[in-house]
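The questions below go through parts of it in turn.

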Amino acid sequence: MSQLKEKLQEIIPRERERVRKIVTEKGDKVISQVTVKQAYGGMRGVKCLVCDTSSLDPMEGISFRGYTIPQLMEKLPKSPGNEAPLPEAHWWLLLTGEIPNQTQVENLQEEIKERMAVPQYIWDILDAMPEDAHPMTMFSAAILSLQSESLFAKGYNEGMKKEDFWDPMYEDCLNLLAKLPQIGARIYRLKYKGGIYLEPDPNLDWGGNFAHMMGVEKPEYKDLMRLYFFLHSDHESGNVSAHTGHLVASALSDVYYSLSAALDGLAGPLHGLANQMCLKWIMEMMEKLGGTPTKEQIEKYAWDTLNSGQVIPGYGHAVLRKTDPRFVAQHEFALKHCPDDPIVQTVTRVYEVVPGILQKHGKAKNPWPNVDAHSGCLQYHYGVKEFDFYTVLFGIGRALGITAELVWDRALMLPIERPKSVTTKWIEEEA
Ligand code: CMX
C-alpha cells in the first residue's frame, strides 16, 4: 500500500472520533446567525462549513493546515536545485496535516507516474470539440468524461460500506490528479500549437512535467508552475469552486462529477476567469497608451473602467481585507526572474495606484489585489500568451485542494448538504 494511504489509514479513526466527540458535546452551540442581508447577499460571512485543509484570515490571508505561504515555501520538499514547493508534497500536507519527508514524496511521485496515462477516448473527445470551445469547457468535459473510470462509483454500486467510502475516493482523486497535467497541456497544444504534443517525462515531478508538456523552454517555468499550483490549491471551502465540489460530492457523486462541476464555477469571471480578464485589462491599457503607462495614465484608465460600470479585475475579495499573500509570492518570483518585463512593471505600478482609487471610489470592501492580479503577466512573460487558457492553470492547482477536501468528506462520512431556503413573502412577514 502507498505510504500516503497508510498515513491516512492511521489518521482517519482518530479524526472520526474527534469529530464525533465535538458533535456530541457541542452539537447545539451556535456559531453563526444569518441576517436577511446575508440571505440575499451571497451568504457572505455565514459560518456553516468546516474545512481543515486551509483557513482564510481576512488580514493574514490563507494558511494551509496552519502554515502560512512563506513558512511552506521554506518547509515543503522541493525539486533539487529549485525553490518552489512541490505540489505533490503540498497535497500530502493538505491530506494529512503533516509535512512529508523526501521518501514519502518520492513514494507519492512513483504512484503518480503509474497513474498518469490518459485513455485515448479523452483525446478523441477533445479533438471532436468545436474549434472555439473555451479551454475550461474542454478541461471540465475531459474530467467528466473520465467518470466511467470511477472506483468509488463502482464500489458504491457493489454495496461498499460507508466507513470504506474514503478509500476508493482517495484512489479516484489520485488517479485523476495524476492525469491533470497531461490533460491541461494537451488542451493547450491542441488549441494553440497545432496539435503537436509532447510526451510526459517520467523523470519529472507533477508540476515540472506540466511545464515540460506545455513546451515552454525556460527552465524556471517549471518552478513557476510548481509555485503557481501550490498557491492556487486551496482557499478554504466557501469559495465557488471548492464549495461546488463539496456540494456535488455530498450527494455521493464521485470526484469526476464533483471536480468537473467545481471547475465550471471556477470558469466564471468573478472567480477564476478573473486571471485572464486581469491581464486583458492591463494589455489593452498598454496597447491604448503605447507602452508602459505612467501612474497618472493608470489612474485615468482605472477611473474610466469604474465609471463605465465595470470592475477592476484582480482587485477585491469576498473575505480578504489586505494584499493577497498569493499575489506577494508571485510578485517576489517576478522581481527575481523578470523585473524588467514591461508587463510586470505595469502590474507593479497598477498595484501602487489602484488600491487608492478603489478606496476613493468607495464601493469595494477590499481595495487590494488578489491572486489573479499577478498570475497572467508571469505566464505571458514565459510565452504562454493565450489568455483563455489561464483559468485551466488555476483549475489544475485548485484540484489539489478540492480533492483533499473530498477525501476527508468521505472519511468523516459527512451527509448530503441541504440548507433551508425561505421565500421573500416569508421574510416580509416573519423576519
Ligand atoms: N472593481 C470595482 N468594483 C468592485 C471591485 C473591483 N475590483 N470589487 C468589488 N467591487 C464592487 C462590487 O462590484 C460591489 O458593487 P455593487 O454593490 O454595485 O454590486 C461592491 O464593490 C461591493 O463588493 P464587495 O462586497 O467588496 O465584493 P464581493 O464580496 O461582492 O465580491 C469579488 C468579491 C472578488 C467578486 C469582487 O471584488 C470583484 O468583482 N473583483 C473583481 C474580479 C476578481 O478579481 N475576481 C477574482 C477573485 C479571486 C478569485 O476567486 O479568483
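Q: Is aspartate 167 buried, partly exposed or exposed?
A: The model is predicted, and the value for this residue is computed from it. Aspartate 167 has a relative accessibility of 25%. Buried would need under 20% and exposed over 50%, so at 25% aspartate 167 counts as partly exposed.

Q: Which residue forms a salt bridge with aspartate 167 at 2.9 Å?
A: The closest N and O atoms of this pair are 2.9 Å apart, and the cut-off for a salt bridge is 4 Å. Aspartate 167 lies in helix α9 (residues 166–192), and its partner lies in helix α1 (residues 3–26), 162 residues apart. The partner is lysine 5.

Q: Is lysine 5 buried or exposed?
A: Lysine 5 has a relative accessibility of 9%. The limit for buried is under 20%, so lysine 5 counts as buried.

Q: Which residues are linked with Lys5 and Asp167 in a network of salt bridges?
A: Lys5 and Asp167 form a salt bridge with each other. They also belong to a network of salt bridges.

Q: Why are glutamate 10 and lysine 7 separated by about one helical turn?
A: These two residues form a salt bridge, with the closest N and O atoms 3.9 Å apart. Glutamate 10 is partly exposed at 46% relative accessible area, whereas lysine 7 is buried at 15%. They are separated by about one helical turn because they are 3 residues apart in helix α1.

Q: Is glutamate 158 buried or exposed?
A: Glutamate 158 forms a salt bridge with lysine 154, and their closest N and O atoms are 3.5 Å apart. Lysine 154 is partly exposed at 48%. Glutamate 158 has a relative accessible area of 59%; the limit is over 50%, so glutamate 158 is exposed.

Q: How many salt bridges does the rule count?
A: The pairs of lysine 5 with aspartate 167 and of glutamate 158 with lysine 154 are among them. By this rule the count comes to 19.

Q: What area do domain 1 and domain 2 bury between them?
A: The protein is divided into domain 1 (1–272 + 396–431) and domain 2 (274–381). The contact takes 27 residues from domain 1 and 22 residues from domain 2. Of the area buried between them, 60% is on carbon and sulfur atoms. The buried area is about 2100 Å².

Q: Which three residues supply 20% of the area that domain 1 buries against domain 2?
A: The two domains have C-alpha centres 27 Å apart. On the side of domain 1, three residues supply 20% of its buried area, more than any other three. They are Pro58, Leu224 and Leu231.

Q: How many residue pairs are in polar contact across the interface of domain 1 and domain 2?
A: The rule for salt bridges finds 1 across this interface. For polar contact, the number of residue pairs found there is 10.

Q: Which element gives the most to the side of domain 1 that touches domain 2?
A: The residues of this side divide into 12 nonpolar, 7 polar and 8 charged. Strands β1 (54–57) and β2 (61–64) and helix α11 (220–231) each supply at least two residues. The element that gives the most, with 8 residues, is α11.

Definitions and conventions. Residues are numbered from 1 along each chain as its sequence is written. This is a predicted model: local features need pLDDT of at least 70, side-chain atom pairs count only at pLDDT 80 or more; totals for chains, interfaces and linings use all residues. Side-chain values use heavy atoms; hydrogens and water are left out. Domain bounds come from an automatic or database domain assignment. Contact means heavy atoms within 4.5 Å. Buried area is the accessible area (1.4 Å probe) that two parts lose on being put together, summed over both. A salt bridge is a side-chain nitrogen of Lys or Arg within 4 Å of a carboxyl oxygen of Asp or Glu. A polar contact is a pair of N or O atoms within 3.5 Å; within protein, one must be able to donate a hydrogen and the other to accept it, and residues adjacent in sequence count only if both atoms are side-chain atoms. Helices (H or I, at least four residues) and strands (E, at least two) are DSSP runs, numbered from the N terminus. Ala, Val, Leu, Ile, Met, Phe, Trp, Tyr, Cys and Pro count as nonpolar, Asp, Glu, Lys and Arg as charged, and the others, Gly among them, as polar. Buried means under 20% relative accessible area, exposed over 50%, partly exposed in between (1.4 Å probe, protein chains only).
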